[in-house]
Amino acid sequence: MATYLITGGAGFIGSALVRQLIAETDHRVVNVDCLTYAGNLDSLDGARDHPRHAFHQVDICDAVALRAVLEHERPDVIVHLAAESHVDRSIDGPGAFIQTNVVGTFTLLQEARRYWLAQSAERRRAFRMVHVSTDEVFGSLGATGRFTEETPYAPSSPYSASKAGSDHLARAWQRTFGLPVIVTNCSNNYGPYQFPEKLIPLTIHKAMSDAPLPVYGRGENVRDWLFVDDHARALRAVVERGVPGDTYNIGGDSERRNVDVVRGICALLDELAPDPAGAHARRIEFVTDRPGHDFRYAIDATRIRRAVGWSPRESFETGLRKTVEWYLANRAWTERVMSGAYRGERLGAGSAA
Ligand SMILES: NC(=O)c1ccc[n+]([C@@H]2O[C@H](COP(=O)([O-])OP(=O)(O)OC[C@H]3O[C@@H](n4cnc5c(N)ncnc54)[C@H](O)[C@@H]3O)[C@@H](O)[C@H]2O)c1
């Protein structure tokens with residue numbers, strides 16, 4: 001039994017990892033999250049009140065608070081997921097991305113290093129920190145080729161530039177100070193509990209609200225999709241079998257054009273929640289493209305498959321069906337997180353329960 005400290009554990013991927021660690025292992029989970037609009041304790045489900053789960057509402061830019069949590073909880077593993085994560089928001093307001101993704105990661109690395117140095121030699125050897133990043137740091141591909149761990153960084157958006165900066169810091173803290181850090185770069189995730197601003201939950205939400213379904217440009221942009229529980233399993237595998245100093249690309253071998261993702265959702269909704277007025281796809285609307293929109297991302301996940309022994313369980317078709325079914329069965333979750341009613345402990349602010 002180990003103690004895992006998860007930053008961003010109330011967000012989309014972090015909450016999936018927290019729920020999985022509580023459900024499938026005996027590990028203790030310490031959840032550090034400042035609860036931005038994207039963080040919701042409601043996403044933790046049964047893990048929230050579990051005796052092996054502890055929550056600390058802490059900003060990763062707050063060194064003093066981080067130090068107190070580390071000294072009190074004494075983690076064996078840190079998995080760092082806290083971040084500002086939405087490209088469109090980074091175009092509207094990049095400052096928060098530099099603050100959390102760059103300054104916050106720097107602060108966490110400094111405090112992790114201070115904590116790690118104070119441990120016994122045995123605990124120092126066993127300690128792991130996984131810095132979770134994105135394939136967007138590699139920039140855009142043309143019609144062919146895939147990102148490997150050796151692909152040079154070429155970020156396009158303020159989001160991916162801030163993540164690239166944090167990756168460089170994480171690598172430097174490993175090389176310069178010996179902190180046992182592993183960096184992972186994952187493709188687009190989808191699944192339950194994703195805030196409805198990203199393509200898949202936004203499309204489901206809009207379709208169920210009889211609203212137009214916006215698709216950037218002509219919908220030709222290609223992303224490689226991975227079901228979120230498969231990403232959580234990959235992170236656990238990297239903690240257990242990854243090599244400090246190495247980086248691992250994580251992907252689902254599921255490249256899809258955005259317009260095909262939206263059409264796939266519409267087809268599932270036609271089956272699971274038919275609209276008597278007609279096919280859901282009739283509401284697809286092509287809108288002005290995002291500035292600097294990367295054309296294509298694709299991951300070569302050979303290293304993590306071979307060296308760590310991980311592979312995804314879900315195909316895009318099985319994962320998308322599970323996702324659409326979940327959003328249809330949990331429309332109240334979407335309404336609550338969009339209204340902000342369930343963010344943090346604001347239960348006194350209204351009849352949020
Ligand atoms: N979603 C994807 O498709 C994807 C793909 C690859 C990598 N990633 C990376 O995985 C990580 C998690 O992504 P996500 O989609 O779950 O994001 P998310 O936006 O759903 O969640 C981020 C979480 O971090 C918390 N947070 C934000 N700023 C914080 C701060 N200063 N201090 C403490 N907590 C803070 C938020 O409250 C939220 O709970 C990010 O680092 C992201 O770059 C995401």
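Predicted model: local features only at pLDDT ≥ 70, side-chain atom pairs only at ≥ 80, totals over all residues.
**Stop 1: a histidine and its surroundings**

Begin by selecting H53, which belongs to strand 3 (residues 53-56). Is H53 buried or exposed? Its relative accessible area is 10%, so H53 counts as buried. Now show the side chain of N31: a polar contact of 3.3 Å links it to the side chain of H53. The H53 side chain also comes to 3.4 Å from the backbone oxygen of A47.

**Stop 2**

Next, look for disulfides; the count comes to zero. Select C34, where the nearest cysteine sulfur is that of C61, 8.0 Å away. With a relative accessible area of 30%, C34 is partly exposed. C61 is partly exposed as well, at 22% relative accessibility.

**Stop 3: an open pocket**

Move on to the second largest pocket, with a volume of about 160 Å³. To see its lining, select A16, R19, Q20, E24, D45, P192, Y193, F227, D229, R233, K322 and W326. Which helix gives the most to this lining? Helix 1 does, with four residues. Colour helix 1 (12-24), helix 8 (228-241) and helix 11 (316-329), each of which supplies at least two lining residues. Coloured by class, the lining shows six charged, five nonpolar and one polar residue.

**Stop 4: the enclosed spaces**

Rolling a probe the size of a water molecule over the atoms shows where empty space is left. In this model there are three cavities of 30 Å³ or more.

The largest cavity has a volume of about 80 Å³. Select P201, I204, H205, M208, Y327, R331, T334 and E335 to see what lines it. Helix 7 (199-208) and helix 12 (331-339) each give two or more of these residues, and helix 7 has the largest share, with four. The lining divides into four nonpolar, two polar and two charged residues.

Helix 6 (158-177) and strand 6 (181-186) each supply at least two residues here, with helix 6 giving the largest share, four residues. By class, this lining has four nonpolar, three polar and three charged residues.

Technical notes
Residues numbered from 1 in each chain as written. Heavy atoms only, no water. Buried < 20%, exposed > 50% of the residue type's maximum accessible area, 1.4 Å probe, protein only. Polar contact = N/O pair within 3.5 Å; in protein donor to acceptor, adjacent residues only side chain to side chain. 1 Å grid on protein atoms, 1.4 Å probe; cavity = no way out; pocket = protein on both sides within 12 Å on 5 of 7 lines; lining within 4 Å. Points joined across faces, edges and corners; volume = space filled by probe spheres on them. Nonpolar A, V, L, I, M, F, W, Y, C, P; charged D, E, K, R; others polar. Disulfide = S-S within 2.5 Å.
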